[in-house]
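The structure is shown below.

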Amino acid sequence: MAKREDGKETRRKLLHTACEVFSHKGYRKSTVASICQKAGANQAAVNYYFGDKAKLYAESWQYAVEQFGETVFSRQEDCSPREQLRTYIHSLMKNIIDKGIKGAFSRLYMMELVNPTGLIQDTWYDVTQPRRQALHNIIFRIMGRRPGQKTIVFCELSIVSQCRALLTINPDDMEYFLGQPLDQDLITRMADHITDFSLAGIEAVGIISG
């Protein structure tokens, strides 16, 4: 039994470490050797548990998804669409700066967007589609009209791109632009601004498209 438990722990450590390494370096620049060294595991363990780097990457994505937990939308059924959007934006930005597995998942997601590997297509759609559809429904309800699907997607891209500035802009540059440290209070203020800006934009687009 002890051997089996040790094996499960080694596998978990490899997955957890792989998430961290892949999320910071991307798939192509990460090496099995660096992951094993950081996890304190023998390189043969990757071959034994996963087969190769590609399968380790795919399983680390699945591990990150499982650790990430339920989507914030599942807890918002009694809120207005405007409140739902605010909660979504605050949650997304909080996850992006998270130091644990949620932050790693956000970075993995961004890495795959920027440099697609083609290794996680099924997991990618399983993860993104329910969240995207829920956001689309919120945008649709805020507009109060029947916009075209492209209009909704444009709004989605605008909202998400604003939030992802935390990933795409160097933290030192961000602090320089804002003139103060990027602390939790500033992140909250940014999330509120992005929400207010997005709400005004969605409503304006709804009027024009109507």
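**Helix packing**

Axes are lines fitted to C-alpha atoms, for helices over the stretch in contact, and angles run from 0 to 180 degrees between N-to-C directions. Helices are DSSP runs (H or I, at least four residues), numbered from the N terminus. The model is predicted: local features need pLDDT of at least 70, side-chain atom pairs count only at pLDDT 80 or more, and totals for chains, interfaces and linings use all residues. Residues are numbered from 1 along each chain as its sequence is written, and side-chain values use heavy atoms, with hydrogens and water left out.

The axes of helix H7 (residues 121-143) and helix H8 (residues 149-163) come within 10 Å and cross at roughly 110 degrees. H7 is therefore roughly perpendicular to H8 (a class that covers 65 to 115 degrees). In this contact (heavy atoms within 4.5 Å), H7 contributes residues including Leu135, Ile139 and Phe140, and H8 residues including Ile152, Val153 and Ile159. The contact residues comprise nine nonpolar, three polar and two charged (Ala, Val, Leu, Ile, Met, Phe, Trp, Tyr, Cys and Pro count as nonpolar, Asp, Glu, Lys and Arg as charged, and the others, Gly among them, as polar).

**The end regions of H10**

The N-terminal end of H10 is capped by asparagine 170, which has a side-chain oxygen 2.8 Å from the backbone nitrogen of aspartate 172. After H10 comes glycine 179, with a positive phi near 75 degrees.

Conventions
Helices (H or I, at least four residues) and strands (E, at least two) are DSSP runs, numbered from the N terminus. Angles under 35 degrees count as roughly parallel, over 145 as roughly antiparallel, 65 to 115 as roughly perpendicular and the rest as oblique. A polar contact is a pair of N or O atoms within 3.5 Å; within protein, one must be able to donate a hydrogen and the other to accept it, and residues adjacent in sequence count only if both atoms are side-chain atoms.
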